[in-house]
Amino acid sequence: MTAIPTLAQAATERKTVAPSSVLQRVRQTNPRSSRIPDAAFRVLILLTAVSVFAIVAFIVWELITKSQPTLHQFGIHFFYNDEWDPVNDAYGARPFIYGTLVSSFLGLLLAVPLSVGVAVYVTEMCPVRLRAIISFLVELLAAIPSVIYGLWGIFVLAPLLRDYVQPLLAKVLGWTGLFTGPPLGIGMLAAGIILAIMVVPIISSITREVLNAVPQNQREAVLALGATRWEMIRMGVLRNARIGIVGGIILGLGRAFGETMAVTMVIGNSNEISKSLFAPGNTMASVIANEFSEATGDLHLAALVEIGLALFLVTLIVNALARLLVWSITGPTGRTRA
Amino acid sequence: MGVGIEVRGLNAYYGKHLALKSVDMTVPANHVTAVIGPSGCGKSTFVRCLNRMHETIPEAHAEGEVKVGDMQVYGDGTDPVEIRRRIGMVFQKPNPFPTMSIYDNVAAGLKLNGFRNRKQISELVERSLKLSALWDEVKDTLHKKSGASLSGGQQQRLCIARSLAVEPQVLLMDEPASALDPISTSKIEELIFQLKQHYTVVIVTHNMQQAARVAELTGFFLMGSLIEFDKTEKIFTTPADKRTEDYITGRFG
Amino acid sequence: MPNSTPTSSSLQISIFRRLTNNLATAFAIMAAILVILPLLAIFIYLLIKGVQSLNWAFFTQLPKPPGEVGGGMANAIVGSAMILGIASLVGIPMGIGAGIYLAEYGRNVFGDVVRFTSDVLNGVPSIVIGIAVYSLIVVRQKHFSALAGSLALAIMMIPTVARATEEMLLMVPNTIREAALGLGIPKWRTTLSISLRTASAGVITGCMLAFARVAGETAPLLFTTLGNQYWSRSLNQPTAALPLQVYTYALSPYDDWHKQAWAGALILIVMIVTAVGAVRIVTSRGTLKGAS
């Protein structure tokens, strides 16, 4: 009869069920040696986390050290000289700052109404069946690589602009001085339009997130006062979400600042500042893309690295600001605040 | 002054599901009428049909006749937007607009409806806040404090003021005190008692004592049908229907 | 108290308000159309022009000298595969590691620092990363290489993978971890075999999204891998990559190269859409396998 020994029986049968052997058996399943693998694992994981930090630190370090030559030689003048002449080692980044700002703001000007419009349509107006499809399509825009936007820009958008849009703009709005000069197709206008298309998915997806975060009872409160649907959206939804929407717009701006390939391919590669949007130009990112691999001399390279440093700092600040704004509505993990 | 409400043959649907079955009710003007019943009986749905808020839920619709004063709520060519202006609603959870000041909250409905005259708006805001017994507490911080910075009870009174500002004829209240503490609740109940001088009030409540305290008439709903509708006193002492009696005495619900 | 109705006693609202409402709706619909239009245009052009230039030669031959018609992008396709493969091999484990840290050990100030840094890294323009890797590796080695390019892409993958891993691990209920630990399973094994496995669908999604993002990246490769018209004999040489080839061909003056650029772009987009599509399929099967 192999009855399970009771505790009392076990206590009297110390010879056969000794506490030490029980402990041994426990140690076999829970060896203290698991402490070492646990510690090793923890160190390994910590290393990967630290390496993220290290990577960013190293990027900053490289940018700062490799741009020393021009930092020393030109100082702050680097950013408002408008002469970029590698042959004579004269470096002023103003044309590129101008190009980045104009192309990005033009892009935002076009993208913001469209993005907010799409987001409002999808969250407040659209029949439920269409919602998933339209949001998916908008997100798909974000999946297209920059170089393909550039390809399409060169061979489809630019001819369209050159043959139809630019002549029209010149005729109707030429007096503003913004639409003068030969219609080349490529140039600042093309860059702005491409940037707008590329930035729409970002702004619209954040806008959708913050619109959905507005509680339903706010919408009902406005409707119950006797409001049309648009008035309800304006007063009960957009108004509550506006901080997050601004955050999304700023995030889009940051993205536009750093956008390289598509802009490089359609902006025309000229180091001149021009008032007209038909004119070619260069952005901070595109001048690096164009000139880096064939940089003539250390100073040229350093100048380009310094532009890279400036680009890094600008996008850092803009992105941090945007995150703060968006998180104030949705909470730090990106999930909705209760 | 308030107006009376006539409901004939009201059916309400959520998609294909029939939630309210052929409800007939006559709500007298300048009285407080309570609507009670267990969870899911359709009392909230009923009240939301009166100001056409029910149809704002996707796939939901209602049919039948609802006459508020001499207005056909479901008439051809009637704009729900205008109906909702004339029939105000206060919700269970206070929902002031957090991005607006107390003043702007109360003025919101006025601005929507085309009021531009600042003096006129200011007078109406003051009047509404006095009507909802909030004026004394907020008159110094009207423009400085946001609507959401008030306590729960104050927020609900703010919502009432907001609804009253557009001068509705009827005020619907969907469990207005259920999210509030007892002291705020009694303040709201006092308020309701005052309001009936000027408005017709329909209040949904799951609290039978509350119905007994504030309402002159009570309607008992069960599973989408109006079972009994009579003076509150009668409902709670000698109900005609057994189902009413079972609910009142706590046998279910 | 007199009940003065501010509007007329008709049960209609003002024309102006109705007009504004309709205009707003029209504007929103137009916005949706205007946004989807370029998407369709791009895909249609890619399909039409890309398919036109696709042929067997495209997949098997090397580029011909400039000006000559014919040839293909075989080296670029293989090159991209290699570079992306190595980038994933480096970037994904590091990202998962960082994500594990953030979820399991990092609910503290240092964790916040890492999280913030990861976000910063995510926002760094890809060309700047290219510059940094250039000066770290290319300058020291005095030549361009596939490895340098892979490293740049790996760096770009880390934040996406880390964030997905952290989010997914945080969604694994603590009761599962406690159950495992209570059974005597050591923490490292609990994390890997239990928590990570439960969160695997979401983590895989993150990896695929990171892959899709870097697959089309050109800027970081511009001065790390540089490109190559021939086969590379080792990873330490300049190597051809699909996005680079598309870029070079698009900017060239040769019609034939333009056509091949479209073909290359088509292949690229197919790769990416497959990855994104796979993400959708994986997520629609449910995010957490084995969780309650």
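Let's start with chain B, whose secondary structure comes to 10 helices and 10 strands. Keep in mind that this is a predicted model. Along its principal axes, the C-alpha atoms of chain B fill a box of roughly 55 × 45 × 30 Å. Does that go with an extended or a compact chain? A compact globule of 253 residues would have a radius of gyration near 18 Å, and chain B has 18 Å, so the two agree. Of those 253 residues, 49% count as buried. The contacts in chain B also reach across the sequence: if you take those between residues at least 6 apart, 69% of them join residues at least 24 apart.

Now over to where chain C meets chain A. Here 73 residues of chain C are in contact with 69 residues of chain A. Which part of chain C gives the most to its side of this contact? That's helix α1, residues 15-53, with 19 residues. Sort the chain C side by class and you get 54 nonpolar residues, 14 polar ones and five charged ones.

Last stop, the nonpolar core. The largest one has 271 residues, and Ile194(A) and Val266(A) are the members that touch the most others. Helix α8 of chain A, residues 188-213, is the top contributor to this core, giving 17 residues. So what does Val266(A) touch, leaving out residues up to four places away in sequence? Its partners are Gly150(A), Gly153(A), Ile154(A), Ala158(A), Ile186(A), Ala190(A), Ala191(A) and Ile194(A). As background, nonpolar side chains tend to be buried together in soluble globular proteins.

Methods
Residues are numbered from 1 along each chain as its sequence is written. Chains are lettered from A and ligands numbered from 1 in the order in which they are written. This is a predicted model: local features need pLDDT of at least 70, side-chain atom pairs count only at pLDDT 80 or more; totals for chains, interfaces and linings use all residues. A nonpolar core is a set of buried Ala, Val, Leu, Ile, Met, Phe, Trp, Tyr and Cys residues joined through C-beta atoms within 7 Å. A residue is buried if 20 or more other C-beta atoms lie within 10 Å of its own, exposed if 12 or fewer, and partly exposed in between; C-beta atoms are placed from the backbone. Helices (H or I, at least four residues) and strands (E, at least two) are DSSP runs, numbered from the N terminus. Two residues are in contact if their C-beta atoms, placed from the backbone, lie within 7 Å. Ala, Val, Leu, Ile, Met, Phe, Trp, Tyr, Cys and Pro count as nonpolar, Asp, Glu, Lys and Arg as charged, and the others, Gly among them, as polar. The radius of gyration is taken over C-alpha atoms; the globule rule is 2.2 Å times the number of residues to the power 0.38.
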